[in-house]
Amino acid sequence: MTTPLRQQILLQSLASYDRDGVTVVSLRGELDFCSLSCPAGLPRRHKAAGAARSVADLTGLAFIDCACLTVLVRHCKDTRSQGGSFALAGPHDAVHRILALTGLLTWFDVHDTVEEAISRTAIQRSPDLPAIPPGRGDDGASRSGTLMDA
């Protein structure tokens, strides 16, 4: 059961605003299976704003697990299939590493800054980008599968 304090912490991990017609959702702290409601709120906020273009600001995110990454992948696929664009901005340290290890660093549109992501979200990518072969990641390490099939 989620306590009121836990709910407050979860809500603080997700903030959104509009900038030049692009919905920017800032993810902060550590997002894992226990805090799955945070990134799961991303599609609702995106659709509520009627945005065809969105950016997830990861500059304040210290950690993200595969369950939360799956939510981002699904959101990205849904957005792209409706002709919109979705980008990630500012992943660093552990977040950058998990994106690289899962093969998502090259699958998502990833930018160093929010400003760069906003200016480039008009460039749309196909929702059916080829998945990275399940045997190898970008670093050559063996993997059993990818999150792109989410």
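Let's begin at Cys-76, which sits in helix α3, residues 66-81. Helices here are DSSP runs of H or I with at least four residues, strands are runs of E with at least two, and both are numbered from the N terminus. Before going further, a word on what you are looking at: this is a predicted model, where local features need pLDDT of at least 70, side-chain atom pairs count only at pLDDT 80 or more, and totals for chains, interfaces and linings use all residues. Residues are numbered from 1 along each chain as its sequence is written, and side-chain values use heavy atoms, with hydrogens and water left out.

Back to our starting point. Is Cys-76 buried or exposed? Cys-76 is buried, at a relative accessible area of 0%. Buried means under 20% relative accessible area, exposed means over 50%, and partly exposed is in between, using a 1.4 Å probe and protein chains only. Set aside the neighbours within four places in sequence, and Cys-76 is in contact with Phe-86, Trp-107 and Phe-108. Contact here means heavy atoms within 4.5 Å.

Phe-86, Trp-107 and Phe-108 form one aromatic cluster. A pair of aromatic rings is described by the distance of the centres and the angle of the planes. The rings of Phe, Tyr and Trp (its six-membered ring) pair if their centres lie within 6.5 Å; planes under 30 degrees apart count as stacked, over 60 as edge-to-face, and the rest as tilted. How many aromatic pairs does a search of the whole structure find? The search turns up two. One is Phe-86 with Phe-108, an edge-to-face pair at 6.1 Å centre to centre with 65° between the planes. This pair links distant parts of the chain: Phe-86 belongs to strand β4 (residues 85-89), Phe-108 to the loop between α5 (104-107) and β5 (109-111), and they are 22 residues apart. Trp-107 and Phe-108 have ring centres 5.1 Å apart and planes at 80°, so this pair is edge-to-face too. Phe-86 and Phe-108 are both buried, and Trp-107 is buried as well.

Arg-80 lies over the face of Trp-107, 4.6 Å from the ring centre. The rule for that is NZ of Lys or CZ of Arg within 6 Å of the ring centre and within 35 degrees of the ring normal.

Now for the cysteines. A disulfide is a pair of cysteine sulfur atoms within 2.5 Å, and by this rule the count comes to zero. Take Cys-66: the nearest cysteine sulfur belongs to Cys-68 and is 9.6 Å away, so Cys-66 is in no disulfide. Cys-66 is partly exposed, with a relative accessible area of 37%, whereas Cys-68 is buried at 0%.

Next come the charges. Side chains of opposite charge can pair when their charged atoms come close. A salt bridge is a side-chain nitrogen of Lys or Arg within 4 Å of a carboxyl oxygen of Asp or Glu, and a search of the whole structure finds two. In one of them, the side chains of Arg-19 and Glu-115 meet at 3.5 Å, N to O. It joins distant parts of the chain, with Arg-19 in strand β1 (residues 14-19) and Glu-115 in helix α6 (residues 114-120), 96 residues apart. Arg-19 is partly exposed at 29% relative accessible area, and Glu-115 is partly exposed at 45%.

Glu-116 and Arg-120 also meet in a salt bridge, at 3.7 Å from N to O. Because they are four residues apart in helix α6, about one helical turn separates them. Glu-116 is partly exposed at 24%, as is Arg-120 at 44%.

Asp-20, in the loop between β1 and β2 (22-31), has a phi near 55°, a positive value in a residue other than glycine. Asp-93, in helix α4 (residues 93-102), has a positive phi near 50°. Asp-20 is exposed at 63% relative accessible area, and Asp-93 is exposed at 63%.

Finally, step back to the whole chain. It has six helices and five strands, running α-β-β-α-β-α-β-α-α-β-α from the N terminus on. Of its 150 residues, 41% count as buried.
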